[in-house]
Amino acid sequence: QTFKIKVIKNTPHGSGLGGGSSNAANLLNFFNSKMKLKLNKKELVRLARQIGFDVPVNLERYNTLLTGKKNEMIRFKKKFGLNLLIVYPNLICSTKKIYQANKKIGLSRLPPISYIKDSKKLIHILKNENNDLEKTVIKIYPKVKKIIDSINSQKGCYFSRITGSGSACIGIFSNMKNAAYAKKLIKLKYPKYWSVVSKTI
């Protein structure tokens, strides 16, 4: 049996938003269902890891936190609806170069899941976490820091940082109105950069 697959990308290639990984995960789930492979969750995860590091995260459509421990993920059944602004500075970061230059990956200090009852608790936790790759990315690609600082300076922004190994930068906002206004201002400053407002599931 053969398939013709057409992928329509709604996120920029090389932005660090996990577009390729989510495409791969969706195809895995599709083939498992369409071809009646009857692969259980554990088998799907094993296959996903062979394709790419981020693919297992995308097998299920839940808000997910990575702890930093090998293959450990925390899934949330509840919806948080965080208000996001994402800005991509048209820069493809070399993931290989960034990981080679980054010597230390820390473990998250996450509280028990029962503590994370609503978006306020989650934002507080995320604000006090950090992306270990961010300093390395900024050192290699200095203009990324300008985007992070621009987002951070906007009204209603709780915090901003890179997504994954970059180069897209994300900001969490108090409401969609503030996020949309921040997008407008940043678009005036950086008219050629891709930007979008959105919500988490």
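Which residue forms a salt bridge with Glu60, and how far apart are the closest N and O atoms? I opened my notebook with that. The model is predicted, and I kept this in mind throughout.

**Entry 1: salt bridges**

I looked up the total and found 2 salt bridges in the structure. Side chains of opposite charge can pair when their charged atoms come close.

I took Glu60 to begin with. Its partner is Lys41, and the closest N and O atoms of the pair are 3.6 Å apart. I then asked where the two residues sit. Glu60 is in the loop between α2 (41-51) and β1 (63-66), while Lys41 belongs to helix α2, so the bridge ties together parts that are 19 residues apart in sequence.

I checked how open each partner is. Glu60 has a relative accessible area of 22%, so I noted Glu60 as partly exposed. Lys41 has 56%, so I noted Lys41 as exposed. The cut-off that matters here is 50%, because a residue counts as exposed over that value.

Next I turned to Asp149. Asp149 forms a salt bridge with Lys145, with the closest N and O atoms 2.8 Å apart. Both residues lie in helix α6, which covers residues 143-152. They are 4 residues apart, about one turn of the helix. Asp149 has 37% relative accessibility and counts as partly exposed. Lys145 has 39% and also counts as partly exposed.

**Entry 2: a pocket**

I went on to the second largest pocket. Rolling a probe the size of a water molecule over the atoms shows where empty space is left. This pocket holds about 190 Å³ of space.

Which elements give two or more residues to its lining? I found α5 (134-140) and β4 (157-162). The largest share, 3 residues, comes from β4.

I wrote down the lining residues by name. They are Asn102, Lys127, Asn130, Asn131, Asp132, Glu134, Lys135, Phe159, Ser160 and Arg161. I sorted the lining by class and got 5 charged, 4 polar and 1 nonpolar residues.

**Entry 3: a nonpolar patch**

I searched the surface for nonpolar side chains. Phe3, Ile5, Val7, Phe30, Met35 and Leu37 form a nonpolar patch there. Together they have about 500 Å² of accessible area.

Ile5 lies in the segment before α1 (19-34). Is Ile5 buried or partly exposed? Its relative accessibility is 46%, so Ile5 counts as partly exposed.

**Entry 4: backbone notes**

I moved from side chains to the backbone. Which residue does a cis peptide bond join to Gly166? I found Ser167, with omega at about 15°. Ser167 sits in the loop between β4 and β5 (169-173).

I then looked up phi in the loop between α1 and α2. Lys36 has its place in this loop. Phi of Lys36 is near 50°, a positive value in a residue other than glycine. Lys36 has a relative accessible area of 64%, so I listed Lys36 as exposed.

Lys38 is in the loop between α1 and α2 too. Phi of Lys38 is near 60°, again positive in a residue other than glycine. With a relative accessible area of 76%, Lys38 is exposed.

How values were computed: Residues numbered from 1 in each chain as written. Predicted model: local features only at pLDDT ≥ 70, side-chain atom pairs only at ≥ 80, totals over all residues. Heavy atoms only, no water. 1 Å grid on protein atoms, 1.4 Å probe; cavity = no way out; pocket = protein on both sides within 12 Å on 5 of 7 lines; lining within 4 Å. Points joined across faces, edges and corners; volume = space filled by probe spheres on them. Nonpolar A, V, L, I, M, F, W, Y, C, P; charged D, E, K, R; others polar. Patch = residues over 30% accessible without salt bridge, like charges linked within 9 Å, V, L, I, M, F, W, Y side chains within 5 Å. Areas by Shrake-Rupley, 256 points an atom, 1.4 Å probe, with all protein chains shown as cover. Salt bridge = Lys/Arg side-chain N within 4 Å of Asp/Glu carboxyl O. Buried < 20%, exposed > 50% of the residue type's maximum accessible area, 1.4 Å probe, protein only.
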